Amino acid sequence: MNLPLLWQMLKQMGGLVVLENRYHGRLPSPADDRSLRRYSLPFSGAWTVASGGVTQETSHSWDVPTQRYAYDFVILDLEGRSFQGDETNPTSFFCYGEDILAPADGVVAEVLTGQPDSPITPKRAAVCKARDLRGNYILLDHGGGEHSLLAHLRPGSISVAVGERVVRGQKLAQCGNSGNTTEPHLHFQLQQGKSFYTSPGLPIPFVDLRIAPAPNYHRFDDRGLAERTPAPGLPYIQLGQRVSNLSR
């Protein structure tokens, strides 16, 4: 492990202590609906929720409060496959290079560029060749303390800079495989604050969605969670669903 990643993981552990002392277990939940706005999906077309939900069973990382309500999105074909061709080549994956869009109006608060794509292994071991777990990423400030994070972006694809105002649906970058990843995907989360380490994750209320079960999702993820867990209903989504914006 490289030293920047080790330091980042230590900061994450310290952040858990800070959050526990600050919230005493009363972290944001869907029952609170603390979000000040509704968000669009940060892409065009139909993608599949590969990880994430608003329950402990479906959560991206329930025991990591900053990422509790995060989502990982991929594109699957009708057979439940995320790629075609050489599975160690990121360009074989359907989502690689697809445009990533602003989920709502905001201001660019942070940007990290210059991070390489990570290797993809046949067994999908998580690998990170970047100096940051998020790889190339963009953090947007939507006001009222709400920030959204778009991570694992394609090297050289980020087209915005810190301080720039963006509008809902604006192209920001492309999907990649940088950072701590198993295969190309978009990591998207909403957090109450700017810090990646001490800002609690917020459930993401989406608006104007088209939702359906992802065909043959079990071939991509054989844990059976999508079949066993009732769908939460709008404005929330969960793993195993094929989602798209009504307007795009």
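Helices (H or I, at least four residues) and strands (E, at least two) are DSSP runs, numbered from the N terminus. The model is predicted, so I note that local features need pLDDT of at least 70, that side-chain atom pairs count only at pLDDT 80 or more, and that totals for chains, interfaces and linings use all residues. Residues are numbered from 1 along each chain as its sequence is written, and side-chain values use heavy atoms, with hydrogens and water left out.

**Entry 1**

Is T229 buried or exposed? I recorded T229 as buried because its relative accessible area is 14%; buried means under 20% relative accessible area, exposed over 50%, and partly exposed in between (1.4 Å probe, protein chains only). I then looked up its contacts (heavy atoms within 4.5 Å). With neighbours within four places in sequence left aside, T229 touches T55, E57, T58 and Q238.

I placed G224 in the loop between β11 and α2. G224 counts as buried, because its relative accessibility is 18%. From the C-alpha atom of G224 to that of G240 I noted 9.3 Å, the two residues being 16 residues apart along the chain.

**Entry 1: cysteines**

How many disulfides does the structure hold? I found 0 disulfides, a disulfide being a pair of cysteine sulfur atoms within 2.5 Å. For C95, the closest cysteine sulfur belongs to C175 and is 3.8 Å away, which is too far for a bond. C95 is buried at 2% relative accessible area, and C175 is buried at 1% relative accessibility.

I looked up the largest pocket, which holds about 670 Å³ of space. Its lining has 29 residues, and H60, D72, N180, H185 and H187 are the closest to its centre. β1 (47–51), β2 (71–74) and β6 (146–153) are the elements that give two or more residues to this lining. By type, the lining of the largest pocket has 9 nonpolar, 14 polar and 6 charged residues.

For the second largest pocket I noted a volume of about 180 Å³. Among its 14 lining residues, P213, A226, E227, L239 and G240 are the closest to its centre. Two or more residues come from each of β11 (209–213) and α2, and β11 gives the largest share, 3 residues.

On terms: on a 1 Å grid over the protein atoms alone, a pocket is an open set of points where a 1.4 Å probe fits, with protein on both sides within 12 Å along at least five of seven lines, and lining residues have an atom within 4 Å of a point. A volume is the space filled by probe spheres set on the points, which are joined across faces, edges and corners. Ala, Val, Leu, Ile, Met, Phe, Trp, Tyr, Cys and Pro count as nonpolar, Asp, Glu, Lys and Arg as charged, and the others, Gly among them, as polar.

Beyond four places in sequence, the contacts of L186 include W47, F73 and C175.
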